[in-house]
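Biologist: I have a few naming questions about this one. Can we go through them together?

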Amino acid sequence: MLADKYRPTTWAEVVGNDKAIEKIADLTVDAFESGDPLVLLLTGPAGVGKSTVARLVAKTLGADACHVEHIPSGKCTAERVREVEETLSHSALFGSGWKVIIVEEIDKVAPQAQSLWLTLLETMPHKCAVIFTSNTKPDELFGGIDSPFVSRCYGVWFTTQGLATRDGGPGPGAQRVKWIAQQEGINGKADAYYVNLLNQCKGNIRAAIQKMELEA
C-alpha cells in the first residue's frame with residue numbers, strides 16, 4: 001500500500017504539526033545524549049503521524065529492530081505490561097543500545113494494566129523509552145492532565161489544522177499526497193482535488209492516500 005511505501009523515514013518528511021514534531025525531535029536527541037529515560041504521550045486524531053513519529057523516535061535513539069517492542073491497539077494487557085517490566089529490568093543486557101516500547105491507543109488499556117504502568121514509569125531505567133499513542137486528548141485521558149498516568153508522560157497533541165489548506169493554498173498534507181501521486185505517475189489532478197481529499201478524510205493523511213490509491 002502506498003501509505004506504507006511512503007511512510008516518512010526522516011523528521012523532515014513528517015508534514016504538519018511543525019512545533020510538536022520539532023519538540024519531540026529535540027526531546028529525543030536530548031535523551032539520546034543524556035541516556036535519561038524518555039516517556040512520550042502522543043495524542044490526536046487518526047492518520048496524522050503519531051505512529052510514524054514513534055518509529056522515528058526509536059530510529060533516532062538508535063534502537064535496533066530487536067530492541068523495539070510494538071504493542072498494538074487493545075493488546076496492552078496486564079500480563080503484557082508485566083512482560084515489559086521484566087524486559088526493562090534486564091536493560092543492562094542491551095549493552096549500549098536503547099530499548100523502546102511503543103503502545104498504540106493507550107486509552108483502551110484495562111485499569112489493571114494502567115496501574116501497572118504507573119509503577120513501571122516510576123522506575124524506568126536509563127536508555128529506555130516508552131511511547132504511548134492515543135486518539136483521546138490528554139485532558140480527557142484517565143482523568144485529565146493531572147492524573148498520575150498523564151503527569152508521568154511528556155504529552156503532545158497533534159491536530160489536523162492546516163493539513164488540507166494553509167495560507168490560501170494546499171496545506172502540507174495535501175501537498176504530501178500530491179507528491180506521492182507524482183512519484184507513482186498517477187497525478188494529473190488540480191490542487192483542489194488533494195485539498196478536497198484531505199477534507200473528505202478529515203485530515204487523516206493515511207486515509208487520503210488510500211482513497212487516492214483506490215480511485216487511481
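**Helix pairs and a pocket**

Modeller: Keep in mind that this is a predicted model. Let's begin with α7 and α8, whose crossing is right-handed.

Biologist: Which residues make the contact between α7 and α8?

Modeller: From α7 you have Gly173, Ala174, Val177, Lys178 and Ala181, and from α8 there are Asp191, Tyr194, Val195, Leu197 and Leu198. Sorted by class, that contact has seven nonpolar, one polar and two charged residues.

Biologist: Which residues of α8 and α9 meet?

Modeller: On the α8 side they are Tyr193, Tyr194, Leu197, Leu198 and Gln200; on the α9 side, Ile205, Ala208, Lys211, Met212 and Glu215. That contact has seven nonpolar, one polar and two charged residues.

Biologist: What makes α4 roughly parallel to α5?

Modeller: Helix α4 (residues 78-89) packs against helix α5 (residues 111-122) at about 15 degrees, with the axes 8 Å apart. Angles under 35 degrees count as roughly parallel, so α4 and α5 get that label. Their crossing is left-handed.

Biologist: Which residues of α4 meet which in α5?

Modeller: Ala78, Val81, Arg82, Val84, Glu85 and Leu88 in α4 meet Gln112, Ala113, Leu116, Trp117 and Leu120 in α5. By class, this contact has eight nonpolar, one polar and two charged residues.

Biologist: Now the largest pocket. How do you know that a residue belongs to its lining?

Modeller: A lining residue has an atom within 4 Å of a pocket point. For the largest pocket, 31 residues line it, and Arg7, Gly49, Lys50, Ser51 and Thr52 lie nearest its centre. The volume of this pocket is about 620 Å³.

Biologist: Which element gives the most to that lining?

Modeller: α3, with six residues. Each of α3 (50-60), β2 (68-71) and α9 (205-215) supplies at least two.

Biologist: How do the lining residues of the largest pocket divide by class?

Modeller: There are 14 nonpolar, nine polar and eight charged residues in that lining.

Note on methods:
Residues are numbered from 1 along each chain as its sequence is written. This is a predicted model: local features need pLDDT of at least 70, side-chain atom pairs count only at pLDDT 80 or more; totals for chains, interfaces and linings use all residues. Side-chain values use heavy atoms; hydrogens and water are left out. On a 1 Å grid over the protein atoms alone, a cavity is a set of points where a 1.4 Å probe fits but cannot get out, and a pocket is an open set with protein on both sides within 12 Å along at least five of seven lines; lining residues have an atom within 4 Å of a point. Grid points are joined across faces, edges and corners, and a volume is the space filled by probe spheres set on the points. Helices (H or I, at least four residues) and strands (E, at least two) are DSSP runs, numbered from the N terminus. Ala, Val, Leu, Ile, Met, Phe, Trp, Tyr, Cys and Pro count as nonpolar, Asp, Glu, Lys and Arg as charged, and the others, Gly among them, as polar. Contact means heavy atoms within 4.5 Å. A crossing is left-handed if the near helix is turned anticlockwise from the far one by less than a right angle, and right-handed if clockwise. Axes are lines fitted to C-alpha atoms, for helices over the stretch in contact, and angles run from 0 to 180 degrees between N-to-C directions. Angles under 35 degrees count as roughly parallel, over 145 as roughly antiparallel, 65 to 115 as roughly perpendicular and the rest as oblique.
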